[in-house]
Amino acid sequence: MVQPHRYEISHVGGEVFTAMDEPSDRCALWGELFKEKERHFYRKELSTETVCFSIKDTFQINIRCLWQPQAKQLKTRQGPFAMLLHGLEPPLTSSWTWVKLGRPLFMK
């Protein structure tokens, strides 16, 4: 069976583009990194959202979120929160870099 992949193509400038492939969410969750309890938690709680903003150009950032139940209902975020960012330089460039910290942080 062919594994589904997600391709990210970025415009660097002029006629220059960069491309990066990343396994799909389903493929990543079914990998050997996760135990069944973690898979169940992430399938239930993990959501993907797109944040758009304009400065000089328009940008879109795809983010993975683990919202606490009470935070899902609010328009503004109050209180402590954690934001985990991956690097732009190898080796930690995947959006799955910090996923193993998601469940412990969610439980606190």
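This is a predicted model: local features need pLDDT of at least 70, side-chain atom pairs count only at pLDDT 80 or more; totals for chains, interfaces and linings use all residues.
Trainee: How do you know how confident the predictor is in this chain?

Mentor: The chain averages a pLDDT of 78, and 84% of the residues score at least 70, on a scale of the predictor's confidence in each residue that runs from 0 to 100. Residues are numbered from 1 along each chain as its sequence is written, and side-chain values use heavy atoms, with hydrogens and water left out.

Trainee: What makes up the pattern of the chain, read along the sequence?

Mentor: The chain contains 3 helices and 4 strands, and these follow one another as β-β-α-α-β-β-α. Helices (H or I, at least four residues) and strands (E, at least two) are DSSP runs, numbered from the N terminus.

Trainee: Why is R39 called buried?

Mentor: Buried means under 20% relative accessible area, exposed over 50%, and partly exposed in between (1.4 Å probe, protein chains only). R39 has a relative accessible area of 11%, so R39 counts as buried. This residue lies in helix α2, and a polar atom of its side chain is 2.8 Å from the backbone oxygen of L29.

Trainee: Which residues is R39 in contact with, leaving aside its neighbours within four places in sequence?

Mentor: R39 is in contact with L29, W30, G31 and F34, where contact means heavy atoms within 4.5 Å.

Trainee: What makes A28 a buried residue, and where is its place?

Mentor: A28 has 18% relative accessibility, and therefore counts as buried; its place is in helix α1 (residues 25-29). Leaving aside neighbours within four places in sequence, A28 is in contact with F34 and W96. The C-alpha atoms of A28 and W96 are separated by 8.1 Å, although the two residues are 68 residues apart along the chain.

Trainee: How do you know that E38 forms a salt bridge with K100?

Mentor: A salt bridge is a side-chain nitrogen of Lys or Arg within 4 Å of a carboxyl oxygen of Asp or Glu, and the closest N and O atoms of E38 and K100 are 2.9 Å apart. E38 lies in helix α2 and K100 in the loop between β4 and α3 (102-107), so the pair ties together parts that are 62 residues apart in sequence. E38 is buried, at 12% relative accessibility, whereas K100, at 35%, is partly exposed. Leaving aside neighbours within four places in sequence, E38 is in contact with L33, K100 and R103.

Trainee: Why can such side chains pair?

Mentor: Side chains can pair when they carry opposite charge and their charged atoms come close.

Trainee: What makes I55 exposed, and where is I55 found?

Mentor: I55 has a relative accessible area of 70%, and so I55 counts as exposed. This residue is found in the loop between β3 and β4.

Trainee: Which residues form the nonpolar patch on the surface?

Mentor: The patch is formed by V51, F53, I55, F59 and I61, which together have about 440 Å² of accessible area. β3 (46-54) and β4 (58-66) each supply at least two of its residues. Patches are made of residues with over 30% relative accessible area and no salt bridge, with like charges joined within 9 Å and nonpolar side chains (Val, Leu, Ile, Met, Phe, Trp, Tyr) within 5 Å.

Trainee: What share of the 108 residues in the chain is buried?

Mentor: Buried residues make up 16% of the chain.

Methods
Accessible areas come from the Shrake-Rupley method with a 1.4 Å probe; for residues, only the protein chains shown count as cover. A polar contact is a pair of N or O atoms within 3.5 Å; within protein, one must be able to donate a hydrogen and the other to accept it, and residues adjacent in sequence count only if both atoms are side-chain atoms.
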